[in-house]
Amino acid sequence: MTERFAIRGDLLDFTAEPAWGDTESPAVRFRPRRWLLIEDGRIVGVQAEEPGADWPREDHAGRLILPGFIDTHVHSPQLDVIASYGSELLDWLNTYTFPAERRYADPAVAARGAALFLDALLAHGTTAAVVFPTVHKVSAEALFAAAAERGMRLIAGKVLMDRHAPDGLRDDVVQAEADCRELIARWHGRDRLAYAVTVRFAPTSTPAQLAMAGRLCAEDPTLYMQTHVAENRDEVRWVHELFPEARSYLDVYARAGLLHARSVLAHGIWLDDTDRDVLREAGAQIAHSPSSNLFLGSGLFDWRAAEAAGAAVSLASDVGGGTSLSMLRTLADAYKVQAMSHQRLTAWKALHAATRGAAQALSLGDEIGTLEPGQVADLCVWDWACGPVAERRMEVARGLHEKVFAWLTLGDERCLVTSIVNGVARYRR
Ligand SMILES: [Zn+2]
């Protein structure tokens with residue numbers, strides 16, 4: 001039995017990467033009042049004319065339809081510490097994050113947390129994510145199982161941490177390797193799930209553990225790798241003390257064999273030109289996390305320098321350092337971070353990085369990120385405006401960029417009407 005339906009709205013996606021500063025970008029594809037035809041979870045057609053009677057229809061004329069957002073760096077257990085007052089990174093980890101993550105040793109807590117987290121992503125218009133659970137194997141199990149139930153594209157892995165973390169949150173090299181291998185065998189490539197070798201950050205792994213992580217990546221190039229790099233100046237100083245032989249913080253990962261085309265490195269604020277060249281050569285991406293960077297006072301990411309060096313940049317909420325799972329709020333924060341450096345981020349550049357750009361950087365460009373026939377039907381329907389201020393702003397907006405820029409700046413999850421994953425509505429307002 002073929003499952004099919006048609007959905008209509010104003011379709012917005014990208015056919016290429018928009019150039020920096022170009023508000024009239026030819027990479028933007030805006031198709032108002034079009035029907036998307038979806039069959040067995042995939043987009044099979046786009047047309048202006050009404051489909052035949054054999055197509056069940058869902059008409060959202062006057063609403064926006066975008067590919068589902070891809071959040072390339074977010075911590076599932078940190079919903080418990082989102083919006084915690086008064087600290088920078090290292091203090092924030094010890095005061096808030098580590099105590100919250102310790103609870104995830106309990107399978108019931110891990111299962112409940114995973115379900116809450118994934119449903120929250122879907123209720124914010126995010127249909128795919130690269131996620132940190134905790135050091136506990138059971139936390140990764142719970143997350144993968146919950147994502148499989150929802151048909152989601154999810155990349156995750158048990159966090160590696162064998163030093164500089166409190167009791168109950170440390171593993172060791174032998175146990176960690178065994179846990180990773182079991183999780184990889186069970187989940188990597190199953191449904192829409194993929195395993196990421198997950199190094200929390202250089203300070204919480206011994207050189208022996210980093211080497212083990214590098215070996216895992218070398219054995220299987222289809223594995224992802226996720227970690228943090230150069231987020232905060234005190235953190236960078238600490239890494240220099242711990243790894244005096246490394247040229248830079250990023251070099252710690254390079255030496256361990258952790259930089260490759262499937263590496264996702266959060267933040268990358270305090271990098272230099274050599275680091276950016278290394279990222280480009282490896283094909284690794286930076287998961288820019290503007291909300292988190294502002295909230296924790298970590299610094300201003302230099303997107304233009306990364307772009308000039310040819311390093312890929314995707315966008316991430318980094319909840320719980322970030323203060324919202326909404327990618328719209330994240331994009332609006334990204335604009336403000338660039339404005340602080342006298343740069344202007346177009347709506348096109350921002351939206352591309354959170355959809356097609358992230359998909360390509362994750363080697364998932366054939367599966368997600370656009371509304372092209374053949375792609376998996378991961379998409380969201382949005383109201384153009386929510387509330388009288390945004391409604392008025394839309395009435396007077398001239399031109400598509402002005403309208404979409406105002407939408408992403410004023411909008412948030414209240415504008416979300418429905419989230420469709422793999423052709424199935426998983427959230428409805
Ligand atoms: Zn993070």
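In which sense do strand β2 and β3 pair, and over how many bridges? They pair in the antiparallel sense, and five bridges join β2 (residues 28-39) to β3. This is a predicted model, so please read what follows with that in mind.

**The seven-stranded sheet**

- β2 and β3 belong to an open sheet of seven strands, ordered β3-β2-β1-β4-β14-β15-β16, with mixed pairing.
- The edges are held by β3 (42-47) and β16 (424-428); each has a single partner strand, so one side of each lacks a neighbour in the sheet.
- From one strand to the next, the twist averages 35°.

- β5 (69-75) is mostly covered, with seven of its seven residues buried.
- β5 runs parallel to strand β6 (residues 126-132), and five bridges join the two.
- Within this pairing, I70 has A128 in β6 as its bridge partner.
- D80 sits in the loop between β5 and α1 (89-102).
- With a relative accessible area of 43%, D80 is partly exposed.
- Setting aside neighbours within four places in sequence, D80 has contacts with A100 and R103.
- D80 and D10 are 70 residues apart in sequence, and their C-alpha atoms are 36 Å apart in space.

**Salt bridges**

- The whole structure holds 39 salt bridges, and a few of them are worth a visit.
- E367 and R153 meet through their side chains in a salt bridge, at 2.9 Å from N to O.
- Because E367 is in the loop between α13 (356-361) and β14 (379-382) while R153 is in strand β7 (residues 153-156), this pair ties together parts that are 214 residues apart in sequence.
- Is E367 buried or exposed? E367 is buried, at 15% relative accessible area, and R153 also counts as buried, at 10%.
- D275 and R247 form another salt bridge, again with 2.9 Å from N to O.
- D275 belongs to helix α8 (residues 273-282) and R247 to the loop between α6 (233-242) and α7 (249-255), so the pair ties together parts that are 28 residues apart in sequence.
- R429 and D383 make a salt bridge in which the closest N and O atoms are 2.7 Å apart.
- This pair links distant parts of the chain, with R429 in the segment after β16 and D383 in the loop between β14 and α14 (388-396), 46 residues apart.
- R429 is exposed, with a relative accessible area of 51%, while D383 is buried at 15%.
- A network of salt bridges also links D13, R29, R31 and E372.

**Backbone points to check**

- For context, most residues other than glycine have a negative phi, and most peptide bonds are trans.
- The peptide bond from V319 to G320 is cis, with omega near 5°.
- G320 lies in the loop between β13 (312-315) and α11 (327-340).
- H164 is not a glycine, yet has a positive phi of about 55°.
- Look for H164 in the loop between β8 (159-160) and α4 (173-187), where this residue is partly exposed, at 39% relative accessible area.
- H342 has a positive phi too, near 60°, and is likewise a residue other than glycine.
- H342 is found in the loop between α11 and α12 (347-353) and is exposed, with a relative accessible area of 69%.

- Which residues make the nonpolar surface patch of about 280 Å²? L294, L300 and M340 do.
- Of these, L294 lies in helix α9 (residues 290-295) and is partly exposed, with a relative accessible area of 40%.

Terms used: Residues numbered from 1 in each chain as written. Predicted model: local features only at pLDDT ≥ 70, side-chain atom pairs only at ≥ 80, totals over all residues. Heavy atoms only, no water. Patch = residues over 30% accessible without salt bridge, like charges linked within 9 Å, V, L, I, M, F, W, Y side chains within 5 Å. Areas by Shrake-Rupley, 256 points an atom, 1.4 Å probe, with all protein chains shown as cover. Salt bridge = Lys/Arg side-chain N within 4 Å of Asp/Glu carboxyl O. Helix = DSSP H or I, 4+ residues; strand = E, 2+ residues; numbered from the N terminus. Buried < 20%, exposed > 50% of the residue type's maximum accessible area, 1.4 Å probe, protein only. Pairing = 2+ DSSP bridges. Axes fitted to C-alpha atoms, helices over the stretch in contact; angles between N-to-C directions. Contact = heavy atoms within 4.5 Å.
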